[in-house]
Amino acid sequence: MGTRPGSAPALDTVLTGLAQDEATGSLRVGKEGTVYLVRGRVSYVDCAATPGVEDLLGGSGRIDAAGIRHARQEAGPGGDGGALLVSRGVLSRGELEFCVLSATLDAAFFLLAPRTLRTRFRAGDAHWLGVHWFFDVPGLLRECARRRARLERAWPSAELDARPVTPLRRIPGTHALLTRLQWELLLAADSTATPVELARRLGHPAYSTLLAVRELAAAGLLATDQAEPDGQPDERPDEEPAALPTRVPRPAAVPVAGAVTDVNLLLRVRDALEAL
């Protein structure tokens with residue numbers, strides 16, 4: 001179906017065209033975020049709805065907000081703030097690349113959903129961190145589709161994505177093995193913060209947090225309707241509440257050699273870490 005006269009083209013169509021033109025610059029998507037491209041390949045994506053690389057670095061405790069602002073100002077337009085952080089020993093190249101990989105995939109998932117939005121391209125514009133990684137546009141769109149399908153398999157409804165995360169008052173005994181992130185969410189959820197708000201608070205990607213929330217719902221550990229936050233339904237008097245373990249330490253980032261990251265390798269590393 002063609003685009004109606006005067007209407008904005010679909011976002012994936014715009015990106016595909018920029019990729020074919022080998023464009024370099026930034027594509028602003030309404031007020032929701034920006035896609036950065038280098039010779040037709042995506043180098044970074046930010047989205048107002050998700051934690052950016054600054055949030056993830058700050059959440060890891062490696063650098064505070066003031067340090068990030070200083071590095072950004074020192075790098076300046078067209079600079080290489082990422083290399084600056086690495087050279088000063090703030091973090092390793094592998095840690096930087098893994099953090100940016102997570103932030104980019106996270107933002108792309110929320111920003112590049114199938115829809116029509118007004119866009120504006122600015123040639124030559126670059127992100128302050130510089131360029132150390134690439135995604136081809138078709139591959140990035142496929143990864144977003146794969147992630148949407150995985151969310152649907154975990155819990156086939158999006159009603160929990162924008163609601164406060166509310167564990168049941170009594171956690172039923174279960175033989176399910178929970179991931180580190182799932183335990184962190186059960187410990188941190190206060191019935192007021194949404195999944196994205198918890199992601200910012202804990203320094204985790206928003207998509208990983210959404211997936212963990214849906215998996216917890218499927219395991220019967222979260223309130224999933226309006227009555228459950230008051231603790232009324234699904235009480236299980238014959239089962240002892242499960243004991244919460246102490247927090248599992250954050251796994252160390254895996255160093256990756258080379259000036260430009262092997263994205264497939266980082267995807268495998270990310271999947272392995274998220275499964276812990």
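Reply: A charge sits over a ring if NZ of Lys or CZ of Arg is within 6 Å of the ring centre and within 35 degrees of the ring normal. In this model, which is predicted, Arg41 lies over the face of Phe134, at 4.0 Å from the ring centre.

Me: How many aromatic pairs does the structure hold, and how is such a pair described?

Reply: Two quantities describe a pair of aromatic rings: the distance of the centres and the angle of the planes. The structure holds three aromatic pairs. In one of them, the ring centres of Tyr36 and Tyr44 are 6.4 Å apart and the planes stand at 40 degrees, so this pair is tilted. Planes count as edge-to-face when they are over 60 degrees apart. The rings of Phe109 and Tyr207 meet that condition, because their planes are at 65 degrees, with the centres 5.0 Å apart.

Me: Which helices hold Phe109 and Tyr207?

Reply: Phe109 belongs to helix α5 (residues 93-111) and Tyr207 to helix α9 (residues 206-218), so the pair ties together parts that are 98 residues apart in sequence. Phe109 and Tyr207 also form one aromatic cluster with Phe110.

Me: Are the residues of these two pairs buried or exposed?

Reply: A residue is called buried under 20% relative accessible area. Tyr36, at 11% relative accessibility, is therefore buried, and Tyr44 is buried with a relative accessible area of 2%. Phe109 and Tyr207 are both buried as well.

Me: What is the overall make-up of the protein chain?

Reply: The protein chain has 10 helices and four strands. Read from the N terminus, its elements run α-β-β-β-α-α-α-α-β-α-α-α-α-α. Of the 276 residues in the chain, 47% are buried. The accessible surface comes to about 13900 Å², and 53% of this belongs to carbon and sulfur atoms. Among contacts between residues at least 6 apart in sequence, 76% join residues at least 24 apart.

Me: How should I read a pair of strands, and how many bridges join β2 to β3?

Reply: In a regular strand, the side chains alternate between the two faces of the sheet. Here, strand β2 (residues 33-38) and β3 run antiparallel and are joined by six bridges. Thr34 stands opposite Asp46 in β3. Five of the seven residues of strand β3 (residues 41-47) are buried, so this strand is largely enclosed by the rest of the structure.

Me: Which residue in the hairpin of β2 and β3 takes a positive phi?

Reply: That residue is Arg39; the hairpin has two residues between the strands, and the phi of Arg39 is near 50 degrees. Arg39 is not a glycine. With a relative accessible area of 61%, Arg39 is exposed. Glu22 is another residue other than glycine with a positive phi, near 55 degrees. Glu22 is placed in the loop between α1 (11-20) and β1 (25-29), and is exposed, with a relative accessible area of 51%.

Me: Is Thr50 buried or exposed, and what is it in contact with?

Reply: Thr50 is found in the loop between β3 and α2. At 3% relative accessibility, Thr50 counts as buried. Apart from neighbours within four places in sequence, Thr50 is in contact with Asp106, Ala107, Phe110, Arg200 and Ala206.

Me: How do I read the buried side of a helix, and which residues of α3 are buried?

Reply: One asks where the buried residues point around the helix axis. In helix α3 (residues 65-75), the buried residues are Ile68, Ala71 and Ala75. They cover an arc of only 65 degrees around the axis, which puts them on the same side of α3. These buried residues pack against α2 (53-60) and α4 (81-87). Gly76, whose phi is positive, near 70 degrees, follows α3.

Me: Which residues of α8 are buried, and what do they pack against?

Reply: In helix α8 (residues 195-202), the buried residues are Pro195, Val196, Leu198, Ala199 and Leu202. Seen down the axis of α8, they fall within an arc of 160 degrees, so they line one face of the helix. The buried residues of α8 pack against α7 (180-188) and α9. After α8 comes Gly203, with a positive phi near 75 degrees.

Notes. Residues are numbered from 1 along each chain as its sequence is written. This is a predicted model: local features need pLDDT of at least 70, side-chain atom pairs count only at pLDDT 80 or more; totals for chains, interfaces and linings use all residues. Side-chain values use heavy atoms; hydrogens and water are left out. Rings of Phe, Tyr and Trp (its six-membered ring) pair if their centres lie within 6.5 Å; planes under 30 degrees apart count as stacked, over 60 as edge-to-face and the rest as tilted. Buried means under 20% relative accessible area, exposed over 50%, partly exposed in between (1.4 Å probe, protein chains only). Contact means heavy atoms within 4.5 Å. Accessible areas come from the Shrake-Rupley method with a 1.4 Å probe; for residues, only the protein chains shown count as cover. The arc is that of the directions from the helix axis to the C-beta atoms. Two strands pair if DSSP finds at least two bridges between them.
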